[in-house]
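Biologist: Please take a close look at the metal site in this model. I would like one connected account of the site and its surroundings.

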Amino acid sequence: MNRKRWIRWAVGTPLVVLGLVVGLWQLSRSWTFQLFGELYPRVETTEKVVALTFDDGPKPGQTDRILDILKRHGVKASFFMVGRSIERNPELAARVLAEGHQVGNHSYSHHRLVLKSPSYVQEEIDKTDALLRGLGVQGEILFRAPHGKKLVVLPWLLSRSGRKHITFDAVSRDDETQDVGLLTSRVMESVRPGSIILFHDGGREKPGTIQAVDIVVEKLKAQGYRFVTVSELLTLGAEAH
Ligand SMILES: [Zn+2]
């Protein structure tokens, strides 16, 4: 290899590898694209309708306070639960269901399901499905990836069993901050008809989230929005086509 070619190879190869890694990383965190199966960050509709979603619960002191707010507003939401949190708080999980909200699968351990074996990922899905069935959940169980991360194995397994993967298009990023004003404005600036809104009822303490949910529901209602579960939203989106 002459000197010029060697330099081109020495510079080019790491760049190609870097490009590939950056591309895969972008793909793993995309809200709107995955390699296999159905991914829903929102639905297309002109109707003022949105789905409120809560991840990582159930958690005492948070999920119950959010349920109280939703009940006060007469609003139904969707809770993507973590299997081990259901095991710790079965009564709270049952309360979510009893109050008419939708519950979905957010894995068992909440580990990133990227670069994991198919059997590991399948077990993460199956264990939480079994817990939800044990609570009496019937019909399809929607799935949402922990940390919003997926690459090849997770979408492939979900598509193989005809499972819908739900992301979001209006995010509070309440895992980063608990500033009520910021959480509220982030959601209000990105929400539109057909949006799927993301908050967290699990994880670290979320006093800001609890207040922001109350404000966001109030503001959206004042703008004429109504709230439905994710499954109801998907049906409305299908009708709009
Ligand atoms: Zn999560």
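Modeller: The protein chain is divided into domain 1 (1-30) and domain 2 (35-240), with bounds that come from an automatic or database domain assignment. The C-alpha centres of the two domains lie 37 Å apart. Five residues of domain 1 are in contact with five residues of domain 2, contact meaning heavy atoms within 4.5 Å.

This is a predicted model, in which local features need pLDDT of at least 70 and side-chain atom pairs count only at pLDDT 80 or more, while totals for chains, interfaces and linings use all residues. Residues are numbered from 1 along each chain as its sequence is written, and side-chain values use heavy atoms, with hydrogens and water left out.

Now the metal site. The zinc ion has as protein donors D56 (OD), H106 (NE2) and H110 (NE2), at 2.0 to 2.1 Å. Donors are N, O and S atoms within 2.8 Å of the metal (3.2 Å for Na, K and Ca); water is not among the atoms, so sites may look incomplete. Along the sequence the donor residues follow the spacing D-x49-H-x3-H. D56 lies in the loop between β2 (49-55) and α2 (63-73) and H106 in the loop between β4 (102-105) and α5 (118-134), so this pair ties together parts that are 50 residues apart in sequence. Helices (H or I, at least four residues) and strands (E, at least two) are DSSP runs, numbered from the N terminus.

Both D56 and H106 are buried. Buried means under 20% relative accessible area, exposed over 50%, and partly exposed in between (1.4 Å probe, protein chains only). D56 counts as buried because its relative accessibility is 15%. Not counting residues up to four places away in sequence, D56 touches F80, V82, S85, H106, H110, H200, D201, G202 and G203. V75, by contrast, is 19 residues from D56 in sequence and 20 Å from it in space, C-alpha to C-alpha.

S109 also deserves mention. S109 lies in the loop between β4 and α5, and is buried, with a relative accessible area of 9%. Leaving aside neighbours within four places in sequence, S109 is in contact with V82, R84, Y120 and E124.
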